[in-house]
Amino acid sequence: MLVEDNPDVGFLIQSLFHAANLPVSFQVIKNGQEAVDYLSGKEPYLNRENYPLPVIILTNINMPYMSGFELLAWVKQHPELKNLPVVVMSTYDDPKHLIQAASLGAYSYFIQTSSFDGLVDIAAKFVS
């Protein structure tokens, strides 16, 4: 699952995974609240055949309605989802963000201005 409110960044991330020949299909979600609805199986995401639970969540920090940190905290509070790896992405190299992501149980923290190869490598562990 890719939770990203910027369509250009979402397209770039999907393109990178495609170029890396990883067998992935993304459910692209526009914000944290929509991700909660998806993970909870609320309308319009009731049908798990069409909307399966993800094997990994890639989430931006700064989004409308619910931040990536709030989404991460929500995921880790739900027993059926708490082991789901969540990778937090940010455009800022802020040590406070890294500390907050780690304290909330993020699998990894990724700065979008750095090499996207690192993100592909992290996600490849879960989709190979």
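This is a predicted model: local features need pLDDT of at least 70, side-chain atom pairs count only at pLDDT 80 or more; totals for chains, interfaces and linings use all residues.

Modeller: Gladly! Helices are DSSP runs of H or I with at least four residues, strands are runs of E with at least two, and both are numbered from the N terminus.

Colleague: How many helices and strands does the chain have, and what pattern do they follow?

Modeller: There are five helices and five strands. Along the sequence they come in the order β-α-β-α-β-α-β-α-β-α.

Colleague: Back to P44, then. What makes the peptide bond from E43 to P44 cis?

Modeller: The omega of that bond is near 0°, and the bond is cis. That is worth a second look, because most peptide bonds are trans.

Colleague: What is the phi of Y65, and where does Y65 sit?

Modeller: Phi of Y65 is near 75°, a positive value in a residue that is not glycine. Y65 belongs to the loop between β3 and α3. A positive phi also turns up at G41, which follows α2, again near 75°.

Colleague: Is Y65 buried or exposed, and how do you know?

Modeller: The cut-off for exposed is over 50% relative accessible area. Y65 has 72%, so Y65 is exposed.

Colleague: And why is T59 called buried?

Modeller: Buried means under 20%. T59, a residue of strand β3, has 0% relative accessibility and therefore counts as buried. Beyond its neighbours within four places in sequence, T59 touches V3, G68, L71, V86, V87, V88 and M89. For the chain as a whole, 46% of the 128 residues are buried.

Colleague: Which residues of helix α2 are buried, and how do you know where on the helix they lie?

Modeller: In α2, which spans residues 32-40, the buried ones are G32, A35, V36, Y38 and L39. Looking down the axis of α2, these buried residues fall within an arc of 160°, so they line one face of the helix. Their cover includes β1 (2-3), β2 (28-29), β3 (57-60) and α3 (68-76).

Colleague: What makes N31 a cap for α2?

Modeller: A polar contact needs a pair of N or O atoms within 3.5 Å. A side-chain oxygen of N31 lies 3.0 Å from the backbone nitrogen of Q33, and N31 caps the N-terminal end of α2. At the start of α3, a side-chain oxygen of S67 comes to within 3.3 Å of the backbone nitrogen of F69.

Colleague: Why is α3 called mostly covered?

Modeller: Seven of the nine residues of α3 are buried. They are G68, F69, L71, L72, A73, W74 and V75. Among the elements that cover them are β1, α2, β3, β4 (86-90) and α4 (95-104).

Colleague: How are α2 and α3 oriented to each other, and how do you know?

Modeller: Angles under 35 degrees count as roughly parallel. The angle between α2 and α3 is about 20°, with the axes 9 Å apart. These two helices are therefore roughly parallel to each other. As for handedness, α2 passes α3 in a right-handed crossing.

Colleague: Which residues meet where α2 and α3 pack?

Modeller: From α2 come G32, A35, V36, L39 and S40, and they meet L71, W74 and V75 of α3.

Notes:
Residues are numbered from 1 along each chain as its sequence is written. Side-chain values use heavy atoms; hydrogens and water are left out. Buried means under 20% relative accessible area, exposed over 50%, partly exposed in between (1.4 Å probe, protein chains only). The arc is that of the directions from the helix axis to the C-beta atoms. Contact means heavy atoms within 4.5 Å. A polar contact is a pair of N or O atoms within 3.5 Å; within protein, one must be able to donate a hydrogen and the other to accept it, and residues adjacent in sequence count only if both atoms are side-chain atoms. Axes are lines fitted to C-alpha atoms, for helices over the stretch in contact, and angles run from 0 to 180 degrees between N-to-C directions. Angles under 35 degrees count as roughly parallel, over 145 as roughly antiparallel, 65 to 115 as roughly perpendicular and the rest as oblique. A crossing is left-handed if the near helix is turned anticlockwise from the far one by less than a right angle, and right-handed if clockwise.
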